[in-house]
Protein chains: 2
Amino acid sequence: MPATDARVIAVDTYDIRFPTSRELDGSDAMNPDPDYSAAYVVLRTDAEQAPRGHGFAFTIGRGNEVQVAAVHALRPHLLGRSVDALCADPGTLYRDLVGDSQLRWLGPEKGVMHMAIGAVVNAVWDLAARRAGKPLWRLLADAEPEWLVGQVDFRHLTDALTPDEALELLRRGRAGAAARTDRLLATGYPAYTTSPGWLGYDDDKLTRLAVRAVADGFRQIKLKVGADLDDDIRRCRAARAAIGPGVRLALDANQRWDVPEAIRWTNALAEFDPYWIEEPTSPDDVLGHAAVRCGVAPVKVATGEHAANRIVFKQFLQAGAVDIVQIDATRVAGVNENLAVLLLAAKYGVPVCPHAGGVGLCELVQHLAMFDYLALTGTTEDRVIEYVDHLHDHFLDPVVIRAGHYTAPTAPGFSAALRPESIARYTYPGGTFWTADAAAKAAAERVGGRAA
Amino acid sequence: MPATDARVIAVDTYDIRFPTSRELDGSDAMNPDPDYSAAYVVLRTDAEQAPRGHGFAFTIGRGNEVQVAAVHALRPHLLGRSVDALCADPGTLYRDLVGDSQLRWLGPEKGVMHMAIGAVVNAVWDLAARRAGKPLWRLLADAEPEWLVGQVDFRHLTDALTPDEALELLRRGRAGAAARTDRLLATGYPAYTTSPGWLGYDDDKLTRLAVRAVADGFRQIKLKVGADLDDDIRRCRAARAAIGPGVRLALDANQRWDVPEAIRWTNALAEFDPYWIEEPTSPDDVLGHAAVRCGVAPVKVATGEHAANRIVFKQFLQAGAVDIVQIDATRVAGVNENLAVLLLAAKYGVPVCPHAGGVGLCELVQHLAMFDYLALTGTTEDRVIEYVDHLHDHFLDPVVIRAGHYTAPTAPGFSAALRPESIARYTYPGGTFWTADAAAKAAAERVGGRAA
């Protein structure tokens, strides 16, 4: 596109919260009552009729205001910046943000501040893809290997992956991309579904949803486990009966166990032929995952949705601690850091099966998996993107699932924009849903007060 | 003390920033211009003439407002809580805070939210020690082993340390504590000083301060390295010449290097007989530190001030990745989590040499090291607490250094309370220092505007 002198003139932040805890959607052994939320950011520019950039960090309720404050703290790095320069090289912004020495102290490269950087960096990628008129997966797959390597921060990685090795992986990865693009557009990218398996669902609902998942074309479902072993045995039996022997059954403990317990518990569920055990213990515990992997084989070990940064992923791969790498679109510092993780996984030959669900995680992460298929690893074998069927209606470009596959998005951007009416309704605490909710609670308390 | 029905009625938060960047105090290869700051919290109760509890998270400037917002987000857990119950068992509050499933998502157990928990938990320990009329080190050293074990969260630790093992360590650790208490009160706890070695100081200042450190009784000094090898060689030569062969010279790279670079650079400085290399690479990189340790022996490897939580420390010890464990008083979730780290280090036989400096880190961490000496490991051999000689005047109970040793505090509490006049002056942006600074800058801009 022609050069412009457009600048970023505003970094708008929103505290968006959905009352998901009321339905026990998203309930697991560690997170019994999440209110799925987003610290949402919109980059506005002074270009006429120009697109905006949208990004967010996903949280599960309380503390979302802290996440918003962290995004807000990044504004000085963005205001006044050239939109052309930002979009031509998001990596410079990414390095500036991660390298802000004072903000770095708040991580470093982990937690609230790191997720805030991810929200902002992803908003720039959304903007860049909109300006290029391409969905992000295509922008990435079309990019030159040299440029992609320049988007990665190799600091603290070079003992496992050098820029030259990354370049070689990307050069080899491009071969045959055109044919794969045709296939992707025709059939999509394989998905698995977690919707049947929330811990708060009873066995009937689990069975009904599992049967429907297979009928809908999914070849893998996932169950939350880890609260009570007898319950887990009963639920795994019900799930396996519902899906039959040919469909994969993944289990997710959401960090509940210590290492010895993870091994015992997983082996106690082995008769139901689980495909992987996800987050068996602390997401920081590389050595613990390596021990679990030895102890539960042939069940595979999966983790990554809470891995704080590329350095933690590097160690999971170096230690042979995981069979499956689960990237998350909003936990690390955005597309740039996820490129590093995809490259590391490719180097070590470990498949990436992205974490999704939450608010908009499906919308974002599909782009990264499709890039991985088209221009890096070249395969979808043993690769699936998680799918959870809620909250998509709040997005302007929601994911489309057909026959158990993610359909490749065609709209320009990173699929990150929320619908204006959803923002108006679910902004916390001032949106129409939350003000009505507060009024109803106050009224109920007055009634309760009179009754008492 | 007699039972009371006192409750917590307020959780006051303050954004305190000191303009340290103007003197290059605290400058290192990763942090060129820190403004040492604190997200400070005061717990007020409704007990008459009762003490308050003081705590804080240390940051280095920008983003301190995010840290304050995180502390603020914890208020619902504290307001209305029984002061007796809090002080009798801080571990219950610690578990409630770390276990808040929605807030946990923002870490988990790392970064801004975890440091906020540390600030609040430490404030409760300050309150408990004040009410008990003891300095915290004595409260901890006097406590029953069973009670101390109950203060630790063993989740994700039991593959390395069980509650029974911890109890045994604490029971053995008490033997001879009375004699060690006398010795501690007489001579204090060994310190080393970082004051000569900031990267922003020229060689003359380095030499002058190093000579003075030895004259003042320090047996170890520390130099910041990692920005430029030729500079480091020159500065190490000057430092070694100033302190002579019998004083230990520690080096600190503040995470600047990748693993191969860390090995090369440290070995290039070996002729100056460095005692340890601190933070040679990413603080998350357990395997990287293990590789560095193999590559630089007999130089020791030290890290921990940025280790996010007890699970990371566990792995450093399991992997044999460190020779020195450097706890920090405000990086993890307070006294309770640091108890876990002290116990882990004791189990693995690795000495703890606390990180300090910053704002009030010396004031806090001395209590933990003294407890370790009195009631856990029973020795100060090869153990030193970092000392940096700035910002102590802002505390009501500042550390006292004599002949290169920390004098044991005698005032009740955790030495965490700032002076009211320092709060009034350095609260950001409304304190008297910062309003005057803003006015001066505005005036300078007006003059500059007229000149241009």
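Q: A crossing is right-handed if the near helix is turned clockwise from the far one by less than a right angle, and left-handed if anticlockwise; in which hand does helix 11 of chain B pass helix 12 of chain B?
A: Helix 11 of chain B makes a right-handed crossing with helix 12 of chain B. Please keep in mind that this is a predicted model, where local features need pLDDT of at least 70 and side-chain atom pairs count only at pLDDT 80 or more, while totals for chains, interfaces and linings use all residues. Residues are numbered from 1 along each chain as its sequence is written, chains are lettered from A and ligands numbered from 1 in the order in which they are written, and side-chain values use heavy atoms, leaving out hydrogens and water.

Q: Why is helix 11 of chain B called roughly parallel to helix 12 of chain B?
A: The axes of helix 11 (residues 203–215) and helix 12 (residues 229–243) of chain B cross at roughly 30° and come within 8 Å. Axes are lines fitted to C-alpha atoms over the stretch in contact, with angles from 0 to 180 degrees between N-to-C directions. Under 35 degrees counts as roughly parallel, over 145 as roughly antiparallel, 65 to 115 as roughly perpendicular and the rest as oblique, so the pair is roughly parallel. The helices themselves are DSSP runs (H or I, at least four residues), numbered from the N terminus.

Q: Which residues of helix 11 and helix 12 of chain B meet?
A: With contact meaning heavy atoms within 4.5 Å, helix 11 of chain B brings Asp203(B), Leu206(B), Thr207(B), Ala210(B), Val211(B) and Val214(B) against Arg234(B), Arg235(B), Ala238(B), Ala239(B), Ala242(B) and Ile243(B) of helix 12. This contact has 8 nonpolar, 1 polar and 3 charged residues. (Ala, Val, Leu, Ile, Met, Phe, Trp, Tyr, Cys and Pro count as nonpolar, Asp, Glu, Lys and Arg as charged, and the others, Gly among them, as polar.)

Q: What makes helix 16 and helix 17 of chain A oblique to each other?
A: Helix 16 (residues 335–348) and helix 17 (residues 361–375) of chain A pack at about 40°, their axes 11 Å apart, and are therefore oblique. Val335(A), Asn338(A), Leu339(A) and Leu342(A) of helix 16 touch Leu368(A), Phe371(A) and Asp372(A) of helix 17.

Q: Why are helix 10 and helix 17 of chain B called oblique?
A: Their axes cross at roughly 140° and come within 8 Å, and the pair is therefore oblique. Here Ala177(B), Arg180(B), Thr181(B), Arg183(B) and Leu184(B) of helix 10 meet Met370(B), Tyr373(B) and Leu374(B) of helix 17.

Q: How much space lies in the largest pocket, and which residues are closest to its centre?
A: The largest pocket holds about 320 Å³. Of its 14 lining residues, Cys87(A), Ala88(A), Ala128(A), Ala132(A) and Leu139(A) are closest to the centre. A pocket is an open set of points on a 1 Å grid over the protein atoms alone, where a 1.4 Å probe fits, with protein on both sides within 12 Å along at least five of seven lines; lining residues have an atom within 4 Å of a point. The lining divides into 10 nonpolar, no polar and 4 charged residues.

Definitions and conventions:
Points joined across faces, edges and corners; volume = space filled by probe spheres on them. Helix = DSSP H or I, 4+ residues; strand = E, 2+ residues; numbered from the N terminus. Left-handed = near helix turned anticlockwise from the far one by under 90°.
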